[in-house]
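User: I am new to this structure and would like a guided look at it. Could we begin with how its helices pack?

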Amino acid sequence: MRAVRVAVLGNLSLDLVEGDAPRPGGPPLYAARAIAALGVPAVVRAKAADADRTRLLPALQRTGLPVEWLSGAATATYEFSYEGDVRRMDVKQLGSPWTPGDVTGLEAPWAHVGALYRGEFPPETLAALAESGTRISLDGQGLVRPARTGPLVLEPEPDTSFLRYVSVLKLSEAEARALVGSLEERPLSELGVPEVLVTLGSRGCLVVARRSVIHVPAEPVDADPTGAGDSFAAAYVIERERGYAPKRAAEKATRLVGRLLARAR
């Protein structure tokens, strides 16, 4: 197996799930938990308002991975509720966008970019990351979530030309339908990303690569699924970098997410 080093970039968040008190969340936290479980060298670069540092940073530090804190003007805040695999979300506050200067000096062959809304990682930031030689895994939330507060309504990004910088794109089923109108291979392949992952909740995921689509089933786990997509995307990137083919990498990532969810139950 090849040695792997991966970077995780994104805004931390305060999450209000099913009416509970705010808790730490955001793509960096859930991706870091998966990376730590796989024992891979990594760096986590996370952003939030300094006023929330003591509420957010300890959870990330408990993963045991090195953490780089960036000061943001605001902390992303979201309220969630679930009906089976269907998640309803209310955006209370948006996190700060990322500039090209925020992504310099990573020295990692892969970066998982945990975008939460459109424009959070603008094209020039993704370009700077790609031009440094880092391959990008992008969370598709950053393609369909408008940059506004209130009940979340998915609206696709009108110009997806910046996806040329992306090697792996992770979408939920709802995000894929909002972006291209279906779960079929052709429209997903036409996004121009070499590998597209579509998570289906308890039904597993679809892997779209090399003009084919493969369904990878999952064992349902009765647990809060918040962050499962971030964990899955990070684990998939690691398994691909280790040399596994897309289907096998998705199978291994799916099993890891199941273990993480069961552990947190």
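**Helix packing and selected residues**

Analyst: H1 and H7 are oblique to each other, a term for angles that are not under 35 degrees (roughly parallel), over 145 (roughly antiparallel) or 65 to 115 (roughly perpendicular). This is a predicted model, in which local features need pLDDT of at least 70 and side-chain atom pairs count only at pLDDT 80 or more, while totals for chains, interfaces and linings use all residues. Residues are numbered from 1 along each chain as its sequence is written, and side-chain values use heavy atoms, with hydrogens and water left out.

User: At what angle do H1 and H7 pack, and how far apart are their axes?

Analyst: Helix H1 (residues 27-38) and helix H7 (residues 228-241) pack at about 45°, and their axes are 7 Å apart. Helices here are DSSP runs of H or I with at least four residues, and strands are runs of E with at least two, numbered from the N terminus. Axes are lines fitted to C-alpha atoms, for helices over the stretch in contact, and angles run from 0 to 180 degrees between N-to-C directions.

User: Which residues meet there?

Analyst: From H1, Pro27, Tyr30, Ala31, Ala34, Ile35 and Leu38 meet Asp230, Ser231, Ala234, Ala235, Ile238 and Glu239 of H7, where contact means heavy atoms within 4.5 Å. The residues of this contact of H1 with H7 comprise 9 nonpolar, 1 polar and 2 charged. Ala, Val, Leu, Ile, Met, Phe, Trp, Tyr, Cys and Pro count as nonpolar, Asp, Glu, Lys and Arg as charged, and the others, Gly among them, as polar.

User: And what is the angle between H7 and helix H8?

Analyst: H7 packs with helix H8 (residues 246-264) at about 140°, with the axes 8 Å apart. H7 and H8 are therefore oblique to each other. On the H7 side the contact includes Phe232 and Tyr236, and on the H8 side it includes Leu256, Val257 and Leu260. The residues of the contact of H7 with H8 divide into 12 nonpolar, 2 polar and 3 charged.

User: Changing topic: which residues of helix H5 are buried?

Analyst: In H5 (residues 173-180), the residues Glu173, Glu175, Ala176 and Leu179 are buried. Buried means under 20% relative accessible area, exposed means over 50%, and partly exposed lies in between (1.4 Å probe, protein chains only).

User: Why do they lie on the same side of H5?

Analyst: They cover an arc of only 160° around the axis, which puts them on the same side of H5; the arc is that of the directions from the helix axis to the C-beta atoms. In general, an α-helix has 3.6 residues a turn, so residues three or four places apart point the same way.

User: What do the buried residues of H5 pack against?

Analyst: Their partners include strand S9 (135-139), strand S11 (166-172) and helix H6 (185-189). Just after H5, Gly181 takes a positive phi of about 90°.

User: Finally, where is Arg210 found?

Analyst: Arg210 is in the loop between strand S13 (205-209) and strand S14 (212-216). Its phi is near 55°, a positive value in a residue other than glycine, and Arg210 is exposed at 66% relative accessible area. Arg211 is also found in the loop between S13 and S14; its phi is near 60°, and Arg211 counts as exposed at 55% relative accessibility.
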